[in-house]
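Please look through the sequence and the model shown here before reading on. The report that follows takes up the domains, then selected loops, and then charged pairs.

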Amino acid sequence: MSASAIGIDIGGTGIKAAAVDVQEGRLASDRVRLLTPHPATPEAVVATAGETIASLPGDGPVGIGLPAAIVDGHVMTAANLAKEWVGVGVRDAFSEALGRPAVVLNDADAAGLAEMRFGAGRGESGVVMVLTLGTGIGSALFIDGELVPNTELGHLEMRGKDAEERAAASVRERKGLSWKRWSRRLNEYLALIDRLFWPDLIILGGGISKKPDKFLAFVDARPRVVPAQLANQAGIVGAALRAYETAPRQRAPATAARRRAPARSRR
Ligand code: BGC
């Protein structure tokens with residue numbers, strides 16, 4: 001399995017992982033899913049992530065999608081994570097715990113990378129906005145195929161609230177809204193995105209992309225709007241892809257055992 005890497009998608013309820021064929025953009029193993037520990041502290045989540053990959057084949061790098069803005073391997077925000085995550089150097093924490101090179105990125109950015117390479121965004125140039133509608137709303141902005149990371153557009157203000165509190169897919173379920181009524185909220189959100197970014201294409205991802213017939217007919221927006229194609233595998237595939245393309249080729253940073261080893265003489 002040369003062109004393979006592991007992808008991990010960390011969410012509020014589950015941590016999902018699989019080996020990924022990064023040339024074909026599909027899972028190369030069964031998907032392992034464990035419940036997100038509570039409280040979801042960095043230590044507990046890192047440990048559970050280790051359990052999810054223990055049985056997976058291959059020894060390639062690991063990509064991890066987190067619902068947070070990630071800059072230079074550090075967590076900058078924690079809207080749906082415990083506050084202790086802010087400031088944590090997650091790239092090093094995961095690399096050490098997993099014993100392999102790790103790369104961490106925003107979960108929606110990961111899903112967007114997978115859609116652009118293998119799914120609904122393949123071959124699309126111009127301004128493309130991938131929106132993941134799930135517990136929250138994630139966003140990934142692409143300009144001629146290049147990701148502008150960490151856009152966090154689920155937190156745009158809509159009627160005095162975070163947009164994700166009005167238009168995420170979870171809100172439809174929680175409030176028992178019909179698809180038609182929820183689609184009105186979605187349309188309002190898409191209009192807001194449009195007024196600010198004027199995208200050529202909007203790709204709607206997250207769990208709802210598996211049921212486009214439920215809501216696509218109600219979507220009314222200026223730009224082209226299409227459902228994502230990789231459904232809930234996008235986060236795993238995109239994280240693995242990013243790891244394969246950017247993780248350092250050397251092994252993980254020194255483990256405790258290696259750190260204790262005596263320094264080698266230079267000659
Ligand atoms: C977080 C984003 C994340 C999105 C989807 C938002 O609440 O701030 O980082 O991409 O949820 O999980």
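Predicted model: local features only at pLDDT ≥ 70, side-chain atom pairs only at ≥ 80, totals over all residues.

On the side of domain 1 that touches domain 2, the residues divide by class into 5 nonpolar, 3 polar and 1 charged. The contact itself involves 9 residues of domain 1 and 6 residues of domain 2. Between the two domains there are 2 residue pairs in polar contact, both at pLDDT 80 or more, while the count of salt bridges between domain 1 and domain 2 is 0.

As for the bounds, the domain assignment places residues 4-107 together with 233-260 in domain 1, and residues 120-229 in domain 2. The centres of domain 1 and domain 2, taken over C-alpha atoms, are separated by 25 Å.

## Serine 29 and its surroundings

Serine 29 is found in the loop that runs between strand S3 (26-27) and strand S4 (32-35). With a relative accessibility of 17%, serine 29 is counted as buried, because the cut-off for that class is under 20%. Its side chain reaches the backbone nitrogen of alanine 19 at 2.9 Å.

Alanine 44 itself is placed in helix H1 (residues 42-53), where its relative accessible area of 24% makes it partly exposed.

## Positive phi angles outside glycine

Arginine 159 has a positive phi of about 50 degrees and lies in the loop between strand S12 (157-158) and strand S13 (161-162). Is arginine 159 buried or exposed? Arginine 159 is exposed, because its relative accessible area of 61% is over the 50% cut-off for that class.

Alanine 231 likewise is a residue other than glycine with a positive phi, near 45 degrees, and its place is in the loop between strand S15 (224-227) and helix H8 (234-246). For alanine 231 the relative accessible area is 18%, and the residue is therefore buried.

## Threonine 151

Threonine 151 lies in the loop between strand S11 (146-148) and S12, and it is buried, with a relative accessible area of 18%. The side chain of threonine 151 makes a polar contact with the side chain of serine 139, at 2.8 Å. Its contacts, not counting residues up to four places away in sequence, are with Ser139, Ala140 and Leu141.

## Salt bridges

Side chains of opposite charge can pair when their charged atoms come close. The structure holds 7 salt bridges, and among them is the one in which the side chains of aspartate 9 and lysine 16 meet at 3.9 Å, N to O. Aspartate 9 counts as buried at 14% relative accessibility, and lysine 16 is buried as well, with a relative accessible area of 16%.

A salt bridge also joins the side chains of arginine 26 and aspartate 21, at 3.8 Å, N to O; here arginine 26 is partly exposed, with a relative accessible area of 44%, whereas aspartate 21 is buried at 17%. The side chains of aspartate 72 and arginine 91 meet in a further salt bridge, at 3.4 Å, N to O. This pair links distant parts of the chain, since aspartate 72 sits in the loop between strand S6 (70-71) and strand S7 (74-75) and arginine 91 sits in helix H2 (residues 90-98), 19 residues apart. Aspartate 72 is exposed, with a relative accessible area of 56%, and arginine 91 is partly exposed, with a relative accessible area of 32%.

How values were computed. Residues numbered from 1 in each chain as written. Heavy atoms only, no water. Domains from an automatic or database assignment. Contact = heavy atoms within 4.5 Å. Salt bridge = Lys/Arg side-chain N within 4 Å of Asp/Glu carboxyl O. Polar contact = N/O pair within 3.5 Å; in protein donor to acceptor, adjacent residues only side chain to side chain. Nonpolar A, V, L, I, M, F, W, Y, C, P; charged D, E, K, R; others polar. Helix = DSSP H or I, 4+ residues; strand = E, 2+ residues; numbered from the N terminus. Buried < 20%, exposed > 50% of the residue type's maximum accessible area, 1.4 Å probe, protein only.
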